[in-house]
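Thanks for asking me to look this one over. My comments are below, as numbered points you can read alongside the coordinates.

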Amino acid sequence: MGQAIAFYFIAACILGFAVLVVSTRDTVHSVLFLVLDFLFVAALYVLLGAQFLAAIQILVYAGGIVVLYLFVVMLVNLKRPPEAHSDPHRKSRWGFALSIAVLVELAIVAGYSYVRPAVPLALSAAPALPVSGNTEEVGWLLYTSYLIPFEIASMLLLVAMIGAIILAKREL
């Protein structure tokens, strides 16, 4: 009973702070409400018994990502009027064509999965992991069963980082 009350309290706080994030006029206060939202999500992870995810939530999101948001909010002057100038190097047609291509691919995947539903897997006993503990299990699964998705995600983050460096590079 106590766990259910704690869950509903934490869930209500998460929803309340999320509403405050999008409804507050001051952007700095919005980012601070986002920090509180991330901390309550970490508390929810602790309540569910995933202490490793709670620690990562606090370190990565409440620590790193929100600091990045604060730097962006404080460095960008939001009070100035929008520029009347448009970038001549902007490739609007390419962006529109690529977005249409992505939507067509999503429609094909959705249509294929609707026509040919997934075959239910046979229920079998889960193999016992040679480690114990939440953090060890996450590490073991990450580097054995989920190695390829992990590597794909790391390559995607590397490409995003290189793209951000190229976009942020000033012309000399």
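1. **The chain as a whole.** Please keep in mind that this is a predicted model. The protein chain has six helices and zero strands, so its pattern along the sequence reads α-α-α-α-α-α. Of its 172 residues, 12% count as buried. The accessible surface comes to about 14,600 Å², and carbon and sulfur atoms account for 72% of that. If we take the contacts between residues at least 6 apart in sequence, 51% of them join residues at least 24 apart.

2. **Helix H1, length and faces.** H1 runs over residues 2–23, and its 22 residues should span 32 Å at 1.5 Å a residue; the end C-alpha atoms are 31 Å apart, which agrees. Which residues of H1 are buried? They are Ile10, Cys13, Ile14, Phe17 and Val21. These residues cover an arc of only 100 degrees around the axis, which puts them on the same side of H1. Helix H2 (27–47) is included in what covers the buried residues of H1.

3. **Helix H2, between two partners.** H2 has 21 residues and reaches 30 Å from its first C-alpha to its last, close to the 30 Å expected at 1.5 Å a residue. Its buried residues are Ser30, Val31, Leu34, Val35, Asp37, Phe38, Val41, Ala42 and Leu44. What do the buried residues of H2 pack against? They pack against H1 and H3. Just after H2, Gly49 takes a positive phi of about 90 degrees.

4. **Helix H4, hardly covered.** With residues 92–115, H4 has 24 residues and reaches 35 Å between its first and last C-alpha, close to the 34 Å expected at 1.5 Å a residue. How many of the 24 residues of H4 are buried? The count is zero, and H4 is hardly covered.

5. **The largest nonpolar core.** Eight residues make up this core: Val21, Val31, Leu34, Val35, Phe38, Ala62, Val66 and Val73. The elements that give two or more residues to it are H2 and H3, and H2 gives the most, with four residues. As background, nonpolar side chains tend to be buried together in soluble globular proteins. Setting aside neighbours within four places in sequence, Val21 is in contact with Ser30, Phe33 and Leu34.

6. Ser30 sits in helix H2 and is buried, with a relative accessible area of 14%. Apart from neighbours within four places in sequence, Ser30 is in contact with Val21 and Thr24. Gln57 has its place in helix H3. Is Gln57 buried or exposed? Gln57 is buried, because its relative accessible area is 8% and the cut-off for buried is under 20%. Leaving out neighbours within four places in sequence, Gln57 is in contact with Phe38, Val41, Ala42, Tyr45 and Ala62.

7. **Aromatic pairs.** The structure holds five aromatic pairs. For one of them, the rings of Phe7 and Tyr8 have their centres 5.5 Å apart and their planes at 70 degrees, so the pair is edge-to-face. Phe7 is partly exposed at 33% relative accessible area, whereas Tyr8 is exposed at 58%. The rings of Phe38 and Tyr61 also pair, with centres 5.5 Å apart and planes at 50 degrees, so this pair is tilted. Phe38 is buried, with a relative accessible area of 16%, while Tyr61 counts as partly exposed at 39%. Finally, Phe17, Phe33 and Phe40 form one aromatic cluster.

Notes. Residues are numbered from 1 along each chain as its sequence is written. This is a predicted model: local features need pLDDT of at least 70, side-chain atom pairs count only at pLDDT 80 or more; totals for chains, interfaces and linings use all residues. Side-chain values use heavy atoms; hydrogens and water are left out. The expected span of a helix is 1.5 Å times one less than its number of residues. Buried means under 20% relative accessible area, exposed over 50%, partly exposed in between (1.4 Å probe, protein chains only). The arc is that of the directions from the helix axis to the C-beta atoms. Contact means heavy atoms within 4.5 Å. Rings of Phe, Tyr and Trp (its six-membered ring) pair if their centres lie within 6.5 Å; planes under 30 degrees apart count as stacked, over 60 as edge-to-face and the rest as tilted. Accessible areas come from the Shrake-Rupley method with a 1.4 Å probe; for residues, only the protein chains shown count as cover. A nonpolar core is a set of buried Ala, Val, Leu, Ile, Met, Phe, Trp, Tyr and Cys residues joined through side-chain atoms within 4.5 Å.
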